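Hi everyone, thanks for coming. Please have the viewer open.

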Amino acid sequence: MSDRLAVKFTSRADGHVEQAGRWWQQNRLKAPEALAENLEAALDLVSRQPQVGAIARNVRLRDVRRVYLNRVGYYLSGTSGPRL
């Protein structure tokens with residue numbers, strides 16, 4: 001089993017996740033937990049394989065990658081390096 005990296009959200013990103021989660025639960029009554037489940041799976045993948053995903057273009061930070069959350073249609077973006 002490989003080592004996992006800790007995945008951390010900025011406070012801004014954390015707010016976005018909370019807001020999206022609330023919206024999803026209120027507006028997607030047939031699958032209210034879909035966002036949480038899709039995000040959890042993506043975070044697990046990123047923690048195991050930090051270089052997964054497409055390289056994001058038109059962003060300020062270097063080495064930003066994007067993983068598409070196919071069930072909910074959102075992107076998870078982040079970097080595995082230090083913020084500069």
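Let's begin with Asn-38, which is buried at a relative accessible area of 12%; by buried I mean under 20%, with exposed over 50% and partly exposed in between, using a 1.4 Å probe and protein chains only. Before going further, a word on the source: this is a predicted model, where local features need pLDDT of at least 70, side-chain atom pairs count only at pLDDT 80 or more, and totals for chains, interfaces and linings use all residues. Residues are numbered from 1 along each chain as its sequence is written, and side-chain values use heavy atoms, with hydrogens and water left out.

Back to Asn-38, which sits in helix 2. Helices here are DSSP runs of H or I with at least four residues, strands are runs of E with at least two, and both are numbered from the N terminus. So what does Asn-38 touch, leaving out residues up to four places away in sequence? The list is Leu-69, Asn-70, Arg-71 and Val-72, where contact means heavy atoms within 4.5 Å.

Two of those names come up again in the largest nonpolar core. Its 10 residues are Ala-20, Trp-24, Ala-34, Leu-35, Leu-39, Ala-42, Val-67, Leu-69, Val-72 and Leu-76. Such a core is a set of buried Ala, Val, Leu, Ile, Met, Phe, Trp, Tyr and Cys residues joined through side-chain atoms within 4.5 Å. Which element gives the most to this core? That is helix 2, with four residues, while helix 1 and strand 2 are also among the elements that supply at least two each. As background, nonpolar side chains in soluble globular proteins tend to be buried together.

Now for the charges. The whole structure has three salt bridges, each being a side-chain nitrogen of Lys or Arg within 4 Å of a carboxyl oxygen of Asp or Glu. In one of them, Asp-44 pairs with Arg-4, the closest N and O atoms being 2.5 Å apart. Asp-44 is in helix 2 and Arg-4 in the segment before helix 1, so this pair ties together parts that are 40 residues apart in sequence. Asp-44 also meets Arg-48, at 3.2 Å from N to O; these two are four residues apart in helix 2, so about one helical turn separates them. Through shared partners, Arg-4, Asp-44 and Arg-48 join into one network.

Arg-71 lies in the loop between strand 2 and strand 3 and Glu-37 in helix 2, so the pair links parts that are 34 residues apart in sequence. Both are partly exposed, Arg-71 at 47% and Glu-37 at 44%.

Last stop, the largest pocket, with a volume of about 1300 Å³. Of its 34 lining residues, the closest to the centre are Thr-10, Ala-13, Ser-77, Gly-78 and Thr-79. For the method: on a 1 Å grid over the protein atoms alone, a pocket is an open set of points where a 1.4 Å probe fits, with protein on both sides within 12 Å along at least five of seven lines, and lining residues have an atom within 4 Å of a point. Points are joined across faces, edges and corners, and the volume is the space filled by probe spheres set on them. Strand 3 contributes the largest share of the lining, six residues. Thanks, and over to you!
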